[in-house]
Number of protein chains: 2
Amino acid sequence: MAIPVPGSQVRGSTTGKPIMALLDLLGRTWALGIVWNLQQGPATFRQLQLRCEQISPTLLNSRLKELKILQLVDMQDSGYQLTQQGMELITIILPLGDWSQNWAKHILKEEN
Amino acid sequence: MAIPVPGSQVRGSTTGKPIMALLDLLGRTWALGIVWNLQQGPATFRQLQLRCEQISPTLLNSRLKELKILQLVDMQDSGYQLTQQGMELITIILPLGDWSQNWAKHILKEEN
DNA sequence: CAACACCGCTACAAATAGTGTAGCATGCCT
DNA sequence: AGGCATGCTACACTATTTGTAGCGGTGTTG
């Protein structure tokens, strides 16, 4: 799958708008999950595999490649970790944690 | 694909934590894109297809089903639109628009 | 009423993406 | 040298997505 570099055509948009590249990237299986799991700190490849409970190494590796190229993640001695940019991104997304709890309550309430 | 209802097992997590259901949902192809596009207002099925430039009707329909069940989207006379919950979600995500612009600058600068 | 233009949506085959298991190559420790 | 952990690849299998065609329904217009 072509890496959604902002400025180029991506899945779902020919305009090259950065937001479209980002939505393409984050909309890929496991991309959000990987970033979310890295939030708890750096991890080696295998640790990250464990945090993601069921990701295949093949896919983990290809997502990490994409995330590295797009500079949201990099690898240091301590393992894979979020870059400055990656942390900014996660900061924006973090409120989803709390929000999802209310959302869950709402859905489960309606289901009865 | 099973719908990621919070409280049940979802892709990547056996715990049933709402955030995991949400990450599963949003990590599916086009889910984020659909929500993002609905932000500009209600749309009929076909209008939504156009907004999403390249989505296939098959997939659009199955994503919409998921989003309806999970109460982020519903259908009214005016077409598909975000629910109250959907709007809350998009409010959280909205800053990604601006952020992505800076991110793009950063990446493209480094590439030279 | 017939012809037309929309609508939401489905069918289905072909193409693409993801899974799961095994294991290679490398480096470190004893 | 032997054992162990690491990052990562190979590859066959399965699941998901695409793309095109078109169905059945609801106006609207002549």
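Buried area is the accessible area, taken with a 1.4 Å probe, that two parts lose on being put together, summed over both. The model shown here is predicted, so that local features need pLDDT of at least 70 and side-chain atom pairs count only at pLDDT 80 or more, while totals for chains, interfaces and linings use all residues. Residues are numbered from 1 along each chain as its sequence is written, chains are lettered from A in the order in which they are written, and side-chain values use heavy atoms, without hydrogens and water.

**View 1. The interface of chain A and chain B.** Chain A and chain B bury about 4100 Å² between them, with 69% of it on carbon and sulfur atoms. Ile92(A), Trp99(A) and Trp103(A) supply 17% of the area that chain A buries against chain B, more than any other three residues.

**View 2. Helix α2 of chain B.** Among the buried residues are Trp36(B) and Asn37(B).

**View 3. Side chains at DNA strand D.** An N or O atom in the side chain of Arg46(A) is 2.5 Å from a base oxygen of DNA strand D.

Methods
Buried < 20%, exposed > 50% of the residue type's maximum accessible area, 1.4 Å probe, protein only. Helix = DSSP H or I, 4+ residues; strand = E, 2+ residues; numbered from the N terminus. Polar contact = N/O pair within 3.5 Å; in protein donor to acceptor, adjacent residues only side chain to side chain.
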